Amino acid sequence: MSWPSKYLRFRPRAFEPTDADKALKASQQKKAIEELWLIITAIIVLLFTIRVLRFAWAVIFRRRAEQPTTGQSEKKSTESVIPGRAGRASWRRIPAAIVSGFRVVAFRIHVPLGVGAASLAELLFICGYMTVMLSLTFTNSGDLQYWFYEDRAAHLASCQLPFIVALAGKNNLISLFIGIGHEKLNVLHRASARTCLILLWLHALCRAISGLPEKFDFTHAWMRWGAVGLAAFTLATIFSVRFIRNTFFEFFLISHIVLVGVFIVGGYLHAREVNYGDYFWPALVVWAFDRVLRTARLLWNNRGKGSTDHEYGTATVELVSADTIRLTLKRKFSWRAGQHAYVILPSVSDLPTEAHPFTIASISKSLDGTDGPSEKDVVFIIRGRSGFTGRLRDHAHRSGECRVAAFVDGPYGCPPDLSKYNTCILIIGGSGVSYTLPLLLDLVHRARARTSDVRRVIFVWAVRDSEHLQWISKVLTEALTAAQSTLLVIQPNVYITGPSCTIPDITRGVYTPSDGTSTPPSRAEFEKELPMYTSLKITHGRPSIRRILQEGIDTSTGSVSVDGKLP
């Protein structure tokens, strides 16, 4: 097929660079790329250094805390302690207080962006990255002479492709070094990709508007491949906006893989003609590295038949409430409390290779302080909504408790280590309990194993309906029982936020009101506080987060950790 040149060629250039201009342009492009990677490397090294120093700080002061000085007990008895406080201030708490204050400001304050919200830390990295990229593009450009920056924009964008792909990968060296999970780096992946798209469009428009010589017009296949790649990258970016990504996740996932593949191939064929194809193939290497590791982990996690008589390669699906499913797999691998994994259910998904992330709602250790059996119960609590989770809910409604073919890829994520704190406050709402419950179970395990400094856990869970307690009632009761023989004090508080509230039977024994009678409580009594099942406190109404945090901090004798998501 022939392409008429009059439709594919723009007006000729009015500017003819000299050989000296070309040499200067090439050296400036190379210098800009070097400076960009130097900045990125410096930031990664800084975050890695901070991680190492935090770890060393925790180890040093934990050892000192385990070696009380002579006469410490007598000193405590004579000290004047303000009610609700832990006692005399210590200079050692100043760094921790600074870090805590920084975390509150940087990670808990979110700025609305129209298509979502970003924390101040995320916003800082996003704006910083865009500022660096644009500054390197337009500086030293001869009073913004387009000829100097039109190709530099493409060079800066293309050299970032391995970095962008790495930020999207579940297995990447960046997460390994800085200790931040891939799910949190994804926001930087999107920001860097969109910045590079802007630079690629800047390159294309400047080239087209300023005029294309015959060697660079669209009669050449390599130029048309560049246009195809840019169009694919643009569509991939449009389809990745939050609304489309959340509403049509399966469509987003498939289109993203296909369109990014077209972009990389088209970009390679375009850049290869001018000897810059090396920008693109490293991105494929990074992508292949992630896929190979994921495949290897998938095979390892789902290897062989276990020691029990369960059917290998399956999971048990059970409906624990009208819209909530408990998915249980038996597998031989370990994970940390708070990590997540990707579940593949070929018979439920539209595509047999669909992988969906869910937080693991169990721990790989035993509550008695031991490692437990080699074959673990990998439990997921999944709220049925739309898409994959809706199909899973409908399947559970139709089939009841049943088995489905299942594979698990994981674990992923970098959850916090709570064992170094004195008091832990865990606050969550709804199915988010799949994150805080394993943190609680892990603290009980560590208390039994005597590897934790935690002395109190305030567990707060807000649910709309009291029947939701059935999701975790058995496990929660086992944790409370296991903790009784330790120094760990657990204060479980459940808040029923729905319009009505009934007392669920979640533990052994029968309901006994606090006054010793057998008369059921009235609606007014429900409005205040329901009687306890063992140490579990059930309240009808919404929790006062400010009061819970204030009381937890004031009554703590040491450092406090707050985790979860406010309902």
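This is a predicted model: local features need pLDDT of at least 70, side-chain atom pairs count only at pLDDT 80 or more; totals for chains, interfaces and linings use all residues.
**First stop: the largest core.** Please select Val-433, Val-444, Val-457, Trp-461, Ile-472, Leu-488 and Val-494. Within the largest nonpolar core, which has 38 residues, these are the ones that touch the most other members. Next, colour the elements that each supply two or more residues to this core: β10 (423–429), α15 (433–449), β11 (456–463), α16 (473–483), β12 (489–496) and β14 (536–540). The greatest contribution comes from α15, which gives eight residues.

**Second stop: Trp-461.** Centre the view on Trp-461 and display its surroundings. Beyond residues up to four places away in sequence, Trp-461 touches Ile-428, Gly-429, Gly-430 and Val-433, as well as His-468, Leu-469, Trp-471, Ile-472, Asn-493, Val-494 and Tyr-495.

Proceed to strand β7 (residues 376–383), where Ile-382 is found. Phe-358 lies 24 residues from Ile-382 along the chain, yet their C-alpha atoms are separated by 7.5 Å.

**Last stop: Glu-354.** Select the loop between β5 (340–344) and β6 (356–359), which holds Glu-354. Show its side chain together with that of His-356: a polar contact of 2.8 Å joins the two. Leaving out residues up to four places away in sequence, Glu-354 touches Glu-250, Val-343, Ile-344, Leu-345, Ser-349, Phe-388 and Arg-391.

Technical notes. Residues are numbered from 1 along each chain as its sequence is written. Side-chain values use heavy atoms; hydrogens and water are left out. A nonpolar core is a set of buried Ala, Val, Leu, Ile, Met, Phe, Trp, Tyr and Cys residues joined through side-chain atoms within 4.5 Å. Buried means under 20% relative accessible area, exposed over 50%, partly exposed in between (1.4 Å probe, protein chains only). Helices (H or I, at least four residues) and strands (E, at least two) are DSSP runs, numbered from the N terminus. Contact means heavy atoms within 4.5 Å. A polar contact is a pair of N or O atoms within 3.5 Å; within protein, one must be able to donate a hydrogen and the other to accept it, and residues adjacent in sequence count only if both atoms are side-chain atoms.
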